[in-house]
Amino acid sequence: MYFGNHRITDHWGVHTEYQLRRSGWGENWQQSLVRLGVDYFLSSGLQVTAGYGWIVSYPYGKQPISANTQEHRVWQQLILNQTAWRLYFNHRFRLEQRFIDNMTRGDNNEFHRNGFNYRNRGRYRFMINVPLTRNTMIDNTLFLSLYEEVFIGFGRGIGSNILDQNRLYAALGWRFTKNWNVQAGYLNHYVIKPDGVRHERNHTLQVSITFNLDFRKPKVYQVD
């Protein structure tokens, strides 16, 4: 997985993201996700983002979907960053408007796209990073990252499966600089199927790279 938030001005930036998900021992596709957005930084610890995502899901596991399915997703989020003692806290609130392929079986027994199913979803993630080799999160620091994220469906088309997903994550990371870090860890991914009855739990090795660019011009201070 790759994440990047690239500053253009003090207030504006661009969000870029790609996630490649494989099933089994990596031999089969599970999902491909591209996400782009525009960031607005209200302060050093508060930002809002709006953007678009393109997701392709593939049949996998013991309860596979019927066919490869595309989703076009519009999303908005608010991120609040806090620090206390040695700890870094991150709260992410996200809304998603999802346009998911409606797959129907034709006379030839093959599946075809027949419009979209529209779904709304809200997400909240609480994350905490703990430095392990330094007193604070500065350059060249080993850290522990933990998060819990819950997905809630709402509105039209949502039946008994209001709880859509839950993700629990623990990883070790290395922070090279404030704009670049890598993480590797374990994700417990719990999914409730659309019928509200079937469910699955995926045990996942998750590796991510965060690399941010800063295109702002350095500030020049004149000394009298």
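Trainee: What makes glutamate 96 and arginine 123 a salt bridge?
Mentor: Start with the atoms. This is a predicted model, and side-chain pairs count at pLDDT 80 or more. The closest N and O atoms of glutamate 96 and arginine 123 are 2.7 Å apart. The cut-off is 4 Å, so the pair counts as a salt bridge.

Trainee: Which strands hold glutamate 96 and arginine 123?
Mentor: Glutamate 96 sits in strand E6 and arginine 123 in strand E7. The pair therefore ties together parts 27 residues apart in sequence.

Trainee: Are glutamate 96 and arginine 123 buried or exposed?
Mentor: Both are buried. Each therefore has under 20% relative accessible area.

Trainee: Which residues do salt bridges with shared partners join into one network?
Mentor: The network joins Glu71, Arg73, Arg92, Glu96, Arg98, Arg121, Arg123, Glu149 and Asp164.

Trainee: How do you know that glutamate 96 forms a salt bridge with arginine 121?
Mentor: Apply the rule again. The closest N and O atoms of glutamate 96 and arginine 121 are 2.8 Å apart. That is within 4 Å, so the pair qualifies. Glutamate 96 lies in strand E6 and arginine 121 in strand E7, so parts 25 residues apart in sequence are tied together. Both glutamate 96 and arginine 121 are buried.

Trainee: What makes glutamate 149 and arginine 92 a salt bridge?
Mentor: Their closest N and O atoms are 3.0 Å apart. The limit is 4 Å, so this pair passes too. The two residues link distant parts of the chain, with glutamate 149 in strand E8 and arginine 92 in strand E6, 57 residues apart. Both glutamate 149 and arginine 92 are buried.

Trainee: How many salt bridges does the count come to?
Mentor: The count comes to 12.

Trainee: How many strands and how many helices are in the chain?
Mentor: The chain has 11 strands and 0 helices. The strands form a closed barrel with mixed pairing, running from E1 to E11 in order. The twist averages 20° from one strand to the next.

Trainee: How do you know that strand E10 pairs with strand E11?
Mentor: Count the bridges. Strands E10 and E11 share 13 of them and run antiparallel. Pairing needs at least two, so E10 and E11 are paired. Valine 182 faces isoleucine 209 in E11. Asparagine 181 stands opposite threonine 210 in E11. The hairpin of E10 and E11 has 6 residues between the strands, and there glycine 196 takes a positive phi near 75°.

Trainee: What joins strand E9 to E10?
Mentor: 12 bridges do, and these strands run antiparallel. At least two are needed, so E9 and E10 count as paired. Asparagine 166 has tyrosine 190 in E10 as its bridge partner. E9 and E10 also form a hairpin, with 2 residues between them.

Trainee: Why does phenylalanine 215 count as exposed?
Mentor: Its relative accessibility is 52%. Exposed means over 50%, so phenylalanine 215 passes. Phenylalanine 215 lies in the segment after E11.

Trainee: Which residues form the nonpolar patch on the surface?
Mentor: The patch is made of Ile8, Trp12, Val14, Val38, Trp180, Ile209, Phe211, Leu213 and Phe215. Together they have about 810 Å² of accessible area. Strand E2 and E11 each supply at least two residues of the patch.

Trainee: Why is asparagine 140 called partly exposed?
Mentor: Its relative accessible area is 40%. Buried is under 20% and exposed is over 50%, so asparagine 140 falls in between. Asparagine 140 is in the loop between strand E7 and strand E8.

Trainee: Leaving aside neighbours within four places in sequence, which residues does asparagine 140 contact?
Mentor: They are Thr133, Arg134, Trp174, Arg175 and Phe176. Contact means heavy atoms within 4.5 Å, so each of these has an atom that close to asparagine 140.

Trainee: How far apart in space are asparagine 140 and isoleucine 158?
Mentor: They are 46 Å apart, C-alpha to C-alpha, and 18 residues apart in sequence. Along its principal axes, the C-alpha trace of the chain spans about 80 × 35 × 30 Å.

Trainee: What share of the chain counts as buried?
Mentor: Of its 224 residues, 40% do. The accessible surface of the chain comes to about 13,300 Å², and 60% of that belongs to carbon and sulfur atoms.

Technical notes
Residues are numbered from 1 along each chain as its sequence is written. This is a predicted model: local features need pLDDT of at least 70, side-chain atom pairs count only at pLDDT 80 or more; totals for chains, interfaces and linings use all residues. Side-chain values use heavy atoms; hydrogens and water are left out. Helices (H or I, at least four residues) and strands (E, at least two) are DSSP runs, numbered from the N terminus. Buried means under 20% relative accessible area, exposed over 50%, partly exposed in between (1.4 Å probe, protein chains only). A salt bridge is a side-chain nitrogen of Lys or Arg within 4 Å of a carboxyl oxygen of Asp or Glu. Axes are lines fitted to C-alpha atoms, for helices over the stretch in contact, and angles run from 0 to 180 degrees between N-to-C directions. Patches are made of residues with over 30% relative accessible area and no salt bridge: like charges are joined within 9 Å, nonpolar side chains (Val, Leu, Ile, Met, Phe, Trp, Tyr) within 5 Å. Accessible areas come from the Shrake-Rupley method with a 1.4 Å probe; for residues, only the protein chains shown count as cover.
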